[in-house]
Amino acid sequence: MAAKTIETAQRFINAIPHSKALGMQIASANEGEVKMQMPYDEKFIGDPATRVIHGGAVFALLDTCCGAAVMTHPSSQGSTATIDLRVDYMRPASPDQVITATATCYNITRTVAFVRAVATDERTDKPVAMASGTFVNGGGK
Amino acid sequence: MRQQPEPVQVVKQRRDAALSAIVSAVPYIQFMGIQFERRGDELTAIMPFRDDLVGNPMLPALHGGATAAFLEITSVIELTWATVWQSIETGAVDPDQIQLGQNLQLPKTIDFTVDYLRSGLPRDAYARARINRSGRRYASVSVEAWQDNRSRLFAQASGHFVMPDVVTQTQG
């Protein structure tokens with residue numbers, strides 16, 4: 001089962017041009033729970049003074065990871081789209097470090113999936129950002 | 001004798017140069033291909049369509065993360081430009097002197113919430129941000145994005161930002 005979900009999730013990511021452009025990779029995938037990574041890249045810098053990556057890149061990783069968590073849920077209808085997503089930025093991500101996002105689809109109905117996610121850099125005890133949002137279950141928009 | 005005001009073209013050129021100096025100093029804005037147009041103090045952000053901005057190749061539709069980044073960048077530049085504009089207007093700062101990371105720091109996002117109203121089409125996207133409140137410590141911003149039709153938004157967002165301590169000051 002786990003191998004199948006990882007494969008499904010990795011296929012999901014490879015098929016998304018923007019996620020590919022940002023270098024996102026699946027680290028692990030279980031039913032309704034996905035871990036993804038995004039290596040540091042100078043192109044993502046949002047503040048040239050500190051070399052900290054832009055919040056938008058972290059948002060994109062969290063959004064993709066949340067979508068993947070929906071897709072791997074046993075009750076998923078095979079496609080999804082974000083309805084809304086909120087990201088809290090708790091601290092700047094340290095430059096040169098990999099960002100890891102972990103998303104959980106903690107509730108899913110016939111039409112809507114509820115997801116939350118956390119992002120860290122290589123210091124894993126203090127989150128960089130947290131996300132919570134709702135996604136369409138099936139159909140897309 | 002009173003000094004003659006500068007010709008309007010020169011004023012415009014210097015202001016546009018100040019804006020483009022800020023925008024081009026941020027690698028992620030360049031990576032996303034986002035541009036800004038200025039009418040006085042009003043800014044419009046433009047994200048020209050590119051294949052690598054797609055999140056759903058079947059539809060195709062823009063990636064939610066690309067849309068979010070577009071809206072967040074629009075908000076940050078709007079906040080930055082509003083403060084820069086004020087300093088230019090009062091004469092506190094010479095537009096040629098503005099340098100990101102030197103005498104100008106960017107606001108930092110506290111939180112950002114995106115509402116995806118309809119799927120982003122494979123076309124250019126536009127956005128404008130409105131500052132709802134800008135205090136000394138933090139600012140509240142809302143931002144709207146549309147494509148072909150101004151009244152049919154495809155996404156909207158709101159967020160809070162920590163404002164930098166010293167926004168701009170002339171050096172020497």
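This is a predicted model: local features need pLDDT of at least 70, side-chain atom pairs count only at pLDDT 80 or more; totals for chains, interfaces and linings use all residues.

Colleague: Which residue meets A:Arg86 in a salt bridge?

Modeller: The N to O distance in this pair is 2.9 Å, and the cut-off is 4 Å. A:Arg86 is partly exposed at 35% relative accessibility.

Colleague: How many salt bridges does a search of the whole structure find?

Modeller: The search covers all chains. Over all chains, the count is 17.

Colleague: What does the pair of A:Asp47 and B:Lys108 join?

Modeller: The closest N and O atoms of A:Asp47 and B:Lys108 are 3.8 Å apart. A:Asp47 lies in strand S3 of chain A and B:Lys108 in strand S5 of chain B, so the pair joins two chains.

Colleague: Is A:Asp47 buried or exposed?

Modeller: Buried means under 20% relative accessible area. The value for A:Asp47 is 11%, while B:Lys108 has 45% and counts as partly exposed. A:Asp47 is therefore buried.

Colleague: How many residues apart are B:Arg128 and B:Glu42?

Modeller: These two form a salt bridge, with their closest N and O atoms 3.9 Å apart. B:Arg128 sits in strand S6 of chain B and B:Glu42 in strand S2 of chain B, so the pair links distant parts of the chain. Their separation is 86 residues.

Colleague: Now the pockets. Which element gives the most to the lining of the largest pocket?

Modeller: The largest pocket holds about 680 Å³ of space and is lined by 33 residues. Nearest its centre lie A:Phe12, A:Thr80, A:Ala81, B:Gly55 and B:Asn56. With 4 residues, the element that gives the most is H3(A).

Colleague: How many polar residues does the lining of the largest pocket have?

Modeller: By class, there are 13 nonpolar and 4 charged residues in this lining. The polar residues number 16.

Colleague: And where does the largest share of the lining of the second largest pocket come from?

Modeller: The second largest pocket has about 420 Å³ of space and 22 lining residues. B:Lys108, the salt-bridge partner of A:Asp47, is one of the residues nearest its centre. The largest share, 3 residues, comes from S5(B).

Technical notes: Residues are numbered from 1 along each chain as its sequence is written. Chains are lettered from A and ligands numbered from 1 in the order in which they are written. Side-chain values use heavy atoms; hydrogens and water are left out. On a 1 Å grid over the protein atoms alone, a cavity is a set of points where a 1.4 Å probe fits but cannot get out, and a pocket is an open set with protein on both sides within 12 Å along at least five of seven lines; lining residues have an atom within 4 Å of a point. Grid points are joined across faces, edges and corners, and a volume is the space filled by probe spheres set on the points. Ala, Val, Leu, Ile, Met, Phe, Trp, Tyr, Cys and Pro count as nonpolar, Asp, Glu, Lys and Arg as charged, and the others, Gly among them, as polar. A salt bridge is a side-chain nitrogen of Lys or Arg within 4 Å of a carboxyl oxygen of Asp or Glu. Buried means under 20% relative accessible area, exposed over 50%, partly exposed in between (1.4 Å probe, protein chains only).
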